[in-house]
Amino acid sequence: MSEFWLISAPGDKTNLQAWERMNTVTSKSNLSSNSKFHIPDLKVGTLDALVGLSDELGKLDSFAESIMRKIAQYIGEVMEDSKDKVQENLLANGVDLISYLTRFEWDMAKYPIKQPLKNISEALAKQVTQIETDLKTRSAAYNNIKGNLQSLEKKTVGNLLTRTLADIVHKEDFVLNSEYLITLLVVVPKSSYVQWQKTYESLSDMVVPRSTKMIAEDAEGGLFTVTLFRKVMDDFKAKARENRFMVREFYFDEKELKCEKEELMKLASDKKQQYVSSTSSCLRIIPAAHDGFSSTSRSEGITTPLFLFSQGPLLRWLKVNFSEAFVAWIHVKALRVFVESVLRYGLPVNFQAMLLQPNRKSVKRLRDVLNVVFKHLDEVAAASIMDPGVDIPGLQLSNQEYYPYVYFKIDLSLLD
């Protein structure tokens, strides 16, 4: 189960009593897996500051979680060809999320505990906001490449009337550089092949005899060439249309066809290199200053196996910043536990934070047991929870679930 409960209860001098009581009753019945959640001695400040900070941290909690989940979702989109490997890329400080959570240690370097809680909260908010800003920029660049590629790829599918002919036609299929002659491409329904062969020479004057050849075929029909004099081209098109032979508006331009192929390959390469990059000489080297968004590429010779090695700049950034966002989110949770515990249990600061991973089949039973163990902390709240029919005005002051003990949920299920 990927749901965790982060709770706290007041302790004695060593903070052992609350932990031991809870751990004994839950472990005995295999209701949950438990670990201590270590929160350092932070600066308390004034009561008014704590009350205001409590509301701000609630909003920051939701914001940090949303950014972390957006990055996780984007990693899944970028790794579209390797979705089974997404989970192993969701790490926090180099370890899996559950290991980080159950062995949580406050990052003293990033968030010095000697500064006021307000400053720590603002540093966390600034960090998450910057990640959000960078994510928008990078995702916009990637989506632009992806969108352009999809537009070009659409041209490679469909029937012979609409799809691109860049990968079908060849120079030798056409009469080129002639002042008088021109080669047209005609889409003929399968049911009309015989009729075409019998009639194409007589659809107009000045059609070159025996000049037709089928160069491509799909489920609906075939693509035929026909050569004729330029001056009868409009008449031929009209007569062909009357017979359900559709002339494609296409004129062979070798440079233009080459550009279209190269653009498709370049975009495919750019998109792929946001996910993976290779040291192979046939792939472009991505300059650090461009960070993967260069518009130039040498993609000739690219083959799929080349894309199975190191990760590209976008995926690397997503992995690093998922870790940063997740770590920031858990620090926000730790701050909330600290602030709510001080507000709930008073001074001097003396509480034990605990992390529980409920057994999937024992969630209700675990909640009941915790309410019994900690009901002395708030008899009124405990009574309301044990008997939902009891209406106690003012008990639910917000959307946050209320229990006799401080409680916050950490749900990792949406990252599965």
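**Close-up views of a predicted model**

**View 1. The side chains of Glu65 and Arg69 come together in a salt bridge, with N and O 2.9 Å apart.** Glu65 and Arg69 both belong to helix H2 and sit 4 residues apart, about one turn of the helix. Arg69 counts as buried because its relative accessible area is 14%, under the 20% cut-off.

**View 2. Lys118 and Glu56 form a salt bridge, and their closest N and O atoms are 2.8 Å apart.** Here the pair links distant parts of the chain, with Lys118 in helix H4 (residues 117–154) and Glu56 in helix H2 (residues 47–78), 62 residues apart. Lys118 is partly exposed at a relative accessible area of 35%, and Glu56 is partly exposed at 35% relative accessibility.

**View 3. Lys213 meets Asp173 in a salt bridge of 3.1 Å, N to O.** This pair, too, links distant parts of the chain: Lys213 belongs to strand E6 (residues 213–217), while Asp173 lies in the loop between H4 and strand E5 (181–189), 40 residues apart. How exposed is each partner? Lys213 is partly exposed, at 40% relative accessibility, whereas Asp173 is buried, with a relative accessible area of 11%.

View 4. Take a look at Lys333, which is found in helix H8 (residues 313–345). With a relative accessible area of 4%, Lys333 is buried. Setting aside neighbours within four places in sequence, Lys333 is in contact with Leu6, Asp61, Phe408, Lys409 and Ile410.

**View 5. The largest nonpolar core has 61 residues, and Phe37 and Phe326 have the most contacts inside it.** Elements giving two or more residues to this core include strand E1 (3–10), helix H3 (97–102), strand E9 (351–358) and strand E10 (406–411). Which element gives the most? That is H8, with 18 residues. For a closer look, centre on Phe37: beyond its neighbours within four places in sequence, its contacts include Leu6, Leu101, Phe104, Ile330, Ala334 and Met354. A second, separate core has 18 residues, among them Leu184, Tyr193, Val232 and Met233.

**View 6. Four strands make an open sheet in the order E2-E9-E1-E10, with antiparallel pairing.** Strand E2 (32–36) and E10 stand at the edges and each has a single partner strand, so one side of each is left without a neighbour in the sheet. On average, neighbouring strands of this sheet are turned by 25° against each other, direction ignored. E1 and E9 pair in the antiparallel sense over 6 bridges. To find your place in this pairing, look for Ala9, which stands opposite Gln352 in E9.

**View 7. H8 packs on the sheet, where it touches E1, E9 and E10.** The direction of H8 makes about 165° with that of E10. Now turn to helix H9 (residues 363–374), which lies across E1, E2, E9 and E10. H9 runs at about 5° to E1.

Terms used. Residues are numbered from 1 along each chain as its sequence is written. This is a predicted model: local features need pLDDT of at least 70, side-chain atom pairs count only at pLDDT 80 or more; totals for chains, interfaces and linings use all residues. Side-chain values use heavy atoms; hydrogens and water are left out. A salt bridge is a side-chain nitrogen of Lys or Arg within 4 Å of a carboxyl oxygen of Asp or Glu. Buried means under 20% relative accessible area, exposed over 50%, partly exposed in between (1.4 Å probe, protein chains only). Contact means heavy atoms within 4.5 Å. A nonpolar core is a set of buried Ala, Val, Leu, Ile, Met, Phe, Trp, Tyr and Cys residues joined through side-chain atoms within 4.5 Å. Two strands pair if DSSP finds at least two bridges between them. Axes are lines fitted to C-alpha atoms, for helices over the stretch in contact, and angles run from 0 to 180 degrees between N-to-C directions.
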